[in-house]
Amino acid sequence: MSGLVYIISAPSGSGKSTLVNELRKTVKHLEFSVSYTTRQPRGSEQNGREYYFVKREEFERMKSQNEFLEYAEVFGEYYGTARCFLEKAKGAGNDLLLDIDVQGARQIKEKLPQAISIFVLPPSRQALESRLRRRSRAEGVDSDQVIQRRLNAASKEIENYPNYDYVLVNDQLEYSIDQLKAIVLYERMQRSGKAEGSGEELAAQRKLAQECRQENIGPRLAPILSSFAI
Ligand code: ADP
Ligand code: 5GP
């Protein structure tokens, strides 16, 4: 089965890009939707790889011509998913992964209720702050003010976690990568009815995916939510 849509959202700095990059290395037939944005490239980002970087006027033109499946304003900049990528992925027999914010995720779930949504959380507010600072030092871009703004925005974004099918706490990176991969493969198997791998592998995959199901994650979340005063 192809044409599945996976949505992944997270407060900035949670490690979503790190996880997605690892996923892309190991899972076949999964395309990454490269969004359009009006923000400036950061660090080593390249046009057409992480994003298509466009001027505001170009984004407005695409908006008015209904070229976006969804779009939103995040941190004062526009971000949008072009419709054509979904058709392209389907045509190529692939699934599509959308790395989008909570507003975009809501729009996609309205249009494509079968989409599988995953919310990535940091293990605590403190961990999020230190990841944002580490990334900022490495890339030398985000100012202290930007980091504070992202931290404040995180609490608001996290309030949306109950709208997602899966919640993944990105604590130990290797384990989180395994969980994300398990979610993607488990959903593929559920929807196609075709199992790939040994019985043991499938059982391990199911366990990892189930741990992150919205209905199973409750107790793990309490301390995280309280660190964000939610
Ligand atoms: P996002 O895409 O969510 O904004 P990044 O993937 O850029 O976040 O990660 C932010 C920072 O946190 C990076 O420096 C990254 O290397 C680091 N990071 C990601 N996952 C983990 C983890 N599980 N433990 C510790 N640091 C992590
Ligand atoms: P960043 O600037 O850190 O790359 O991304 C900021 C936020 O914008 C992240 O939450 C990211 O998921 C979101 N984002 C990236 N592309 C899109 C998009 O096409 N649509 C929406 N709605 N959000 C996006």
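**View 1. Residues around ligand 1 in the predicted model.** Ligand 1 has 14 residues around it. Gly13, Ser17, Thr18, Arg135 and Asn170 come nearest.

**View 2. Helix α1 (residues 16–26) against helix α7 (residues 173–192).** The two axes come within 10 Å and cross at roughly 55 degrees. An angle of 65 to 115 degrees would count as roughly perpendicular, and one under 35 as roughly parallel. α1 and α7 are therefore oblique to each other. The crossing of α1 past α7 is right-handed. From α1, Thr18, Leu19, Val20, Glu22, Leu23 and Thr26 take part in the contact. Their partners in α7 are Leu173, Ser176, Ile177, Leu180, Lys181 and Val184. By class, this contact has seven nonpolar, three polar and two charged residues.

**View 3. Helix α7 against helix α8 (residues 199–211).** Here the axes come within 8 Å and cross at roughly 105 degrees. That makes α7 roughly perpendicular to α8. On the α7 side, the contact residues include Tyr175, Asp178, Tyr186 and Met189. Among those they meet in α8 are Leu202, Gln205, Arg206 and Glu211. The contact of α7 with α8 has nine nonpolar, three polar and four charged residues.

Conventions
Residues numbered from 1 in each chain as written. Chains lettered and ligands numbered in written order. Predicted model: local features only at pLDDT ≥ 70, side-chain atom pairs only at ≥ 80, totals over all residues. Heavy atoms only, no water. Axes fitted to C-alpha atoms, helices over the stretch in contact; angles between N-to-C directions. Helix = DSSP H or I, 4+ residues; strand = E, 2+ residues; numbered from the N terminus. Parallel < 35°, antiparallel > 145°, perpendicular 65-115°, else oblique. Left-handed = near helix turned anticlockwise from the far one by under 90°. Contact = heavy atoms within 4.5 Å. Nonpolar A, V, L, I, M, F, W, Y, C, P; charged D, E, K, R; others polar. Near = heavy atom within 4 Å.
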